[in-house]
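Hello,

Here is the structure for your files. My notes on the chain contacts follow below it.

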Amino acid sequence: MIFQQNNPIGEIFTILGYWDRILSGFLTTMWLYVWALMIGFFLGLLLSLFRQYGGRILSRVSGGYIEFIRGTPLIAQLFFIFYGLNIPVGTWNVLARFSIFDKNITFIFLNHRILFGIIALSLNSAAYQAEYLRSSIMSIGAGQLMAAQSIGMSRVAGIRHIILPQALRRVIPAWSNEAAYLPKYTVVVSLIGATELFGQAKSIVADSFISLTTYIIVAIIFLITIAIISKGLDTLHKRTEIPGL
Amino acid sequence: MWKSYEDLQVLKGVSFELAEKEVKVIFGPSGSGKSTLLRCINMLNPPDKGEIFLHGKNITASGVNLNEIRTRIGMVFQHFNLFAHLKAIDNVSIGLRRVKGFSKEEAREKALEALERVKMAEWADHYPAQLSGGQQQRVGIARALSMEPDIILFDEPTSALDPELIGEVLQVMLDIAKAGTTMVVVTHEMGFAKAVATEMIFLSEGAVIERGTPKHFFMKPESERVRKFLKQLEVLYGTHEQMIDLLEEEEK
Amino acid sequence: MPDLADILIYIVTKGLAQTLLMTVLGLLIGFVLGIILALMRVYAGKELNWLASGYEKIFRGIPILVLIYIFAFGVPELFWYVDPLQRPLASIIFALGLRSGAYQSQIFRGAILSVNPGQIEAARALGMSGLQTFRHVVLPQALRLAMPSWSNEYSVVIKDSSFAYAVGIVELTRAAYNFSYAFRGFWTVSIGVLAILYFLLTYPITKLFGEHQTKKLKKLGMGGG
């Protein structure tokens, strides 16, 4: 066999022996994911509203931002923020230590790498989420806003009470796609030295010299995570469905 | 012929013969199985039970080359079904080239002839989306004609058209009927039926209710249902009949 | 002191060829795979359909960086026939291709399914065989319908090729990184130039194919807009 010199079952157990690092990495990955998704959502919502209703200048600016982010690689964005902006934040860690069984697990809430990682991922995801939100807003049509204004609502109130509740429901299926697959983009943060799941995997490989098995286990963890999130969002979609919308 | 989809029996024993140069008009309420019947004849939707003979050959038998059979049974569709990526001329010539194996030049020549017959030759280089519904349907008829089939099936060829476009299509259909083309036409255009049908068949709920010449149907139809249905058609399509009369007169 | 032109020339001459090579080959592998998978999903039986959809799920869910590492460090033997120095490059092209195949499969499947069924019926009524119908009616339209999404996939692959940076291949991103590393203090400009370069490589093409092609398809009355 050319792929495996060693006993594959033995390798799997060796790697699972590093479960403390895998767990800590996974928590960091999910930590990055949740922040990026949330911040990205609110920024994206803002961008889509600016783009749609913001008047000429705001609409152009947010449109340009969305196109530029979508037209450049995430790595370039991350490097620009991490290396390019020269923000003097120093080196520091906000972390928690706890032990499970006999292992000490360190979970870093925030350090300069995680911070810049979250910023880059959020700014990136915002552009993609904005596109989904905008096409959802566009699909509702100008007629409803006009109808809202015709019963005396202000434009802002119309957007807030008539357009948004519908747009947010309608966007769920398309948005779920972005939301479910966002975890896989967080691996990019390992390139600036954050120890999320993939960063931990590389350190496990460096210690154990077992590469294929380690990376496949990481791949499987991502697949399961994405499948679970997908399923959860599906349920959310079904719960919030309104007939005819 | 019998045909059912799951529990729904669409055709319950429909049978008829079609002689050469005959024009058979099939009509009846929607959901009566008219379109299914046509799709059985060219085996796009083979019947579950029953047999179809073309020039004495049983085409429902197993082992028959259906593609070859279909080149001999043309079809014109309600929604035209022109190939959207091909110009009118290529819509007509593609069957000649790819199925009948004609050379590019031969196919083009024959296709132009067919377009000429439906008065669409000058539109040969237009894409379907650039044509009106009536023009598209004429190209659809040319596509069927060009294959020189033994029979052409028409599946409600004018029912998807705006009223002002129906005349040009009916005119073309009258022309080819008078030229001796064997046709099975599902339509509610009673004026057309009156003018050229050799026999009319009233289909309802998958069964033949009544059949006869146009004269029979318009003078003294037997069943109450046919009478009622014809009455409704008259309200809806009465003006079309006058249009056919006009077309006829113009010709004279 | 390097000026803007120096930075641009450095990045382009060192990196553009590799970036484009990875993109083109990755897209090509993905195209062949995508067509096959799409055909399996639309026309094949249950088992093959299940297989293709499983493939899509797996390769869409694994981060591209993990995939690159699996091929580059996990199974380098897979590329025994390639010159050892070129193996990292081969593994990235492979990873990009397999991943893109999963996405292109979805693109082509959608395109095939959006060809009007009435036209397929018309082709069969003309006496075309199933294969002829696919070849002359479905495929030419499906390829046109797929164009806008396909141009988007091009943009995805060229952007993802930047992950080759991680295994030391000198493409655009690594070139910009190396340059900044050599001239500390030039991070802002060189990464900025890098981003603009990528943008110029993606935006005009997705714009052209996306909007222009969508308009053209609408004019042909294909796909319902």
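Two residues are taken to be in contact if their C-beta atoms, placed from the backbone, lie within 7 Å. This is a predicted model, in which local features need pLDDT of at least 70 and side-chain atom pairs count only at pLDDT 80 or more, while totals for chains, interfaces and linings use all residues. Residues are numbered from 1 along each chain as its sequence is written, and chains are lettered from A and ligands numbered from 1 in the order in which they are written.

Chains A and C

Of the two pairs of chains in contact, chains A and C share the most contacts. Here 28 residues of chain A meet 30 residues of chain C. On the chain A side, two or more residues each come from α3 (55–70), α4 (74–84) and α9 (212–239); helices are DSSP runs of H or I with at least four residues, numbered from the N terminus. The largest share, eight residues, is given by α9(A). By class, this side of chain A has 21 nonpolar residues, five polar and two charged. Nonpolar means Ala, Val, Leu, Ile, Met, Phe, Trp, Tyr, Cys and Pro; charged means Asp, Glu, Lys and Arg; the others, Gly among them, are polar.

Chains B and C

This contact involves 21 residues from chain B and 20 residues from chain C. In chain B, α2 (66–71) and α3 (88–98) each supply at least two residues of the side that touches chain C, and the largest share, four residues, belongs to α2(B). That side of chain B divides into eleven nonpolar, seven polar and three charged residues.

Chains A and B

Chain A and chain B do not touch, and their nearest C-alpha atoms are 25 Å apart.

Regards
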